[in-house]
Amino acid sequence: MSLPLNIDYTDKVVVVSGAAGLICSAIARSFALSKAKVALLDLNEEKVKKIAEDLKKEGLRCEGYKANVLDKDSLISVHKHILEDLGPCDILINGAGGNNPKATTDNEFHFEANDDTKTFFDLDQSGIDFVFKLNFQGTLLPTQIFAKDMLERGGCILNISSMNAYVPLTKIPAYSAAKAGISNFTQWLATYFAKSNIRCNAIAPGFLVSDQNRSLLFNEDGSPTKRSAKILNNTPMHRFVDADELLGAVLFLCDDRSASAITGVVLPIDCGFSAYSGV
Ligand code: NAD
């Protein structure tokens, strides 16, 4: 992977949650290639350790850790290990997040519903709790643990919102609202830490193609599904976003020299989706 920006992060310790996932494994790698010491955190221990081992084989400085962003004890314990292995956290990337099928309606509009479909009225409370906890508390709790390292020395927090934070996507009310919460919380943190030399920003990615959603976006013959065609028709650049296209913005926003006056922004990286009214 060649980096879009050459920023020297030598000796910075970057903690990345959700680092076994599509987006945050790429973010973790981009910081490691920029000479940072990277702590890769994920619930999926096997996957995150394998990713970290592969990066180490390339001569990059990193460690993989099992961590649950919803469990404070797990975060406290992993924080201790990171302090011993790499040092105090300079940059925190809050990447763990996602939706849950139990919090998703089958139809876009209620008038399309029938007895066999899951409507808004059938949404499961446990699914809604899961989505709000993972996306919101899963950002708040790691920030409580790792931003303490930044209080004396300064630092940077980067959250991952979504373009559905601006205008909600159909079918996924909890995920859209939770990501709107992340955009809001990003501004709150930016203000709270403004005089403590800690900046906080977010990126709001558009649609990426991943293993989880590939079958929802493409038919077996490779043609776009109905929902996928709708997404593309509402995206001025008429294409999906690639995970690597997030990296320039991430490296820029986390660099104190390039982005010294930037705090509290949520940057859409969505091929124009959030700018387009559809008309
Ligand atoms: P992904 O599913 O590939 O990765 C998420 C990772 O988080 C997984 O490795 C998972 O094991 C980990 N995780 C889940 N629960 C956890 C927990 N409790 N503690 C620690 N780790 C946990 O997702 P992704 O597509 O890479 O998304 C990364 C972030 O970007 C998420 O916040 C997501 O909401 C956001 N996002 C994704 C898209 C997209 O199209 N993929 C678009 C906008 C925003």
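**Basis.** I worked on a predicted model, where local features need pLDDT of at least 70, side-chain atom pairs count only at pLDDT 80 or more, and totals for chains, interfaces and linings use all residues. Residues are numbered from 1 along each chain as its sequence is written, and side-chain values use heavy atoms, with hydrogens and water left out.

**H4 and H6.** I took helices (H or I, at least four residues) and strands (E, at least two) as DSSP runs, numbered from the N terminus. Helix H4 (residues 125–146) packs with helix H6 (residues 173–192) at an angle of about 20°, and their axes are 8 Å apart. Axes are lines fitted to C-alpha atoms, for helices over the stretch in contact, and angles run from 0 to 180 degrees between N-to-C directions. H4 is therefore roughly parallel to H6 (under 35 degrees; over 145 is roughly antiparallel, 65 to 115 roughly perpendicular, the rest oblique). The residues in contact (heavy atoms within 4.5 Å) include Phe 132 and Phe 136 of H4 and Gly 181 and Phe 185 of H6. By class, I noted 12 nonpolar, 4 polar and 1 charged residues in the contact of H4 with H6 (Ala, Val, Leu, Ile, Met, Phe, Trp, Tyr, Cys and Pro are nonpolar, Asp, Glu, Lys and Arg charged, and the others, Gly among them, polar).

**H3 and H4.** Helix H3 (residues 72–85) packs with H4 at about 40°, with the axes 10 Å apart. H3 is thus oblique to H4. The contact includes Leu 75 and His 79 of H3, and Pro 142 and Phe 146 of H4.

**Aromatic rings.** I found 9 aromatic pairs in the structure. Rings of Phe, Tyr and Trp (its six-membered ring) pair if their centres lie within 6.5 Å; planes under 30 degrees apart are stacked, over 60 edge-to-face and the rest tilted. The Tyr 192 and Phe 193 rings have centres 5.1 Å apart and planes at 70°, so this pair is edge-to-face. Tyr 192 is exposed at 54% relative accessible area, whereas Phe 193 is buried at 10% (buried is under 20%, exposed over 50%, partly exposed in between; 1.4 Å probe, protein chains only).

**Phi values.** Most residues other than glycine have a negative phi. Asp 11 has a positive phi, near 70°, and sits in the segment before strand E1 (13–17). Asn 197 has a positive phi near 65°. Asn 197 lies in the loop between H6 and strand E6 (198–205) and is exposed, at 56%.
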